[in-house]
Amino acid sequence: MKLVSIIIPTYNRASILPETIKSVVAQTHSNWELIIVDDGSSDDTKAVVEGFKNKQIFYYYKENEGQHIARNYGMQLAHGELIGYLDSDNLLYSNYLERMVEAFTKNPHVIWGFPMGDRIKELYKDGVLIKRVDDSDDFPEDVSVQAIFHRKLHTDTSGAMHTRRIIEDGVTWDPAIKKMEDWDFFLTLADKYPEGFIYVREKLYTYTQRYGGDGLVSNSTYREWAELFEKIYQKHKHSHLMEGQTWYPSRVEKWNKLADDFDAGLLPPYHEYYFR
């Protein structure tokens, strides 16, 4: 039975981290190790993790540098044949590991991939949930590496999995990409291992985006999104898989226009944008 390392970066989320950990402990595939990288929390995250008293759970503390660097740190600590990712505010379904290990085992050429999932968007104001939207229909039935380059789907870190070869080849999460780092990471993998991708057509996790909360995405600005799309395009534009894309420069222009409208007082803050 393959050992799978699951990496959770976390920062000051002691209040919601237990549910995330429980979703790993409940896996039907029992050969796993959970690597929790505490990215400089000032709350009682360590006590929460130690409270599980589970020898398969490993806690590591480091100074705050961002979740992308915390994932790189976790990769170097991982012992598994397969490495999976889970953010500290999301949940794995109990058959996640079983299904993903099965997919990798049946397809020995596979190096990386991700499954379908359920996606929930929540809007908070002063810590109170005021709106909740189910966005799960956003997952397509089929995904190709070119579809990832063409931005035909929303990508998530949670649920993603790859083999140890990624680590052996020196591939890491780019410290310069601090948001949409999942998409950037997948673009790198798609370009390097175009034949090694698998899309598991089964919902195996829940992703909850909390707008108005403590997440990086919900605290972004319109201008930051324009800058991110520009940066990611410039980094990956020479890949042949980018040929035929239609999102650049339109996405950059869109977000810059929204930023101008916000500066003019015509739009609410970004975290309220999708809930108008």
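Predicted model: local features only at pLDDT ≥ 70, side-chain atom pairs only at ≥ 80, totals over all residues.
Student: Hi! Let's start with helix H7. How many residues does it have, and how far does it reach?
Tutor: Happy to. Helix H7 covers residues 181-192, which is twelve residues, and reaches 16 Å from its first C-alpha to its last. That is close to the 16 Å expected at 1.5 Å a residue.

Student: And is H7 mostly covered or mostly open?
Tutor: Mostly covered: nine of the twelve residues in H7 are buried. Among them are Glu181, Trp183, Phe185, Phe186 and Leu189.

Student: What do those buried residues pack against?
Tutor: Quite a list. The buried residues of H7 pack against helices H3 (67-77), H5 (145-149), H6 (165-168) and H8 (222-236), and also against strands E6 (112-125) and E8 (161-163).

Student: You mentioned Glu181. Which side chain does Glu181 meet in a salt bridge?
Tutor: Arg71, with 3.0 Å from N to O. Arg71 lies in helix H3 and Glu181 in helix H7, so this pair ties together parts that are 110 residues apart in sequence.

Student: Are those two buried or exposed?
Tutor: Arg71 is buried, at a relative accessible area of 0%. Glu181 is buried as well, with 6%.

Student: What else does Arg71 do, say with Trp173?
Tutor: Arg71 lies over the face of Trp173, 4.8 Å from the ring centre. Trp173 is itself buried, with a relative accessible area of 0%.

Student: Nice. Now aromatics: how many pairs are there?
Tutor: The count comes to 26 aromatic pairs. In one of them, the rings of Trp173 and Phe185 have centres 4.0 Å apart and planes at 15°, so the pair is stacked. Trp173 lies in the loop between H6 and H7 while Phe185 is in helix H7, so the pair ties together parts twelve residues apart in sequence.

Student: Why does Phe185 count as buried?
Tutor: Because its relative accessibility is 2%, and the cut-off for buried is under 20%.

Student: How about Trp247 and Tyr248, what kind of pair do they form?
Tutor: An edge-to-face one, with 6.1 Å centre to centre and 80° between the planes. Trp247 and Tyr248 are buried.

Student: Which residues do ring pairs link into a cluster?
Tutor: Tyr85, Trp112, Phe114, Trp173, Phe185, Phe186, Phe197 and Tyr199.

Student: Back to charges over rings. What sits over Trp183?
Tutor: The charged end of Arg151, 4.4 Å from the centre of the Trp183 ring.

Student: And salt bridges, how many in the whole structure?
Tutor: A search finds 24. One of them joins Lys179 and Glu224, whose closest N and O atoms are 3.0 Å apart. Lys179 lies in the loop between H6 and H7 and Glu224 in helix H8, so the pair ties together parts 45 residues apart in sequence. Lys179 counts as buried at 11% relative accessibility, whereas Glu224 counts as partly exposed at 29%.

Student: Where's the salt bridge of Asp118?
Tutor: Asp118 pairs with Lys203, with the closest N and O atoms 3.2 Å apart. Asp118 lies in strand E6 and Lys203 in strand E9 (residues 197-211), so parts that are 85 residues apart in sequence are tied together.

Student: Which residues are linked in a network of salt bridges?
Tutor: Arg13, Asp89, Glu122, Arg132 and Arg210.

Student: Last one: what does Thr163 touch?
Tutor: Thr163, found in strand E8, touches Glu81, Leu82, Ile83, Phe104, Val110 and Ile111, not counting residues up to four places away in sequence. Thr163 is buried, with a relative accessible area of 15%.

Terms used:
Residues numbered from 1 in each chain as written. Heavy atoms only, no water. Helix = DSSP H or I, 4+ residues; strand = E, 2+ residues; numbered from the N terminus. Expected span 1.5 Å × (residues − 1). Buried < 20%, exposed > 50% of the residue type's maximum accessible area, 1.4 Å probe, protein only. Contact = heavy atoms within 4.5 Å. Phe/Tyr/Trp six-rings, centres within 6.5 Å; stacked < 30°, edge-to-face > 60°. Lys NZ or Arg CZ within 6 Å of the ring centre and 35° of its normal. Salt bridge = Lys/Arg side-chain N within 4 Å of Asp/Glu carboxyl O.
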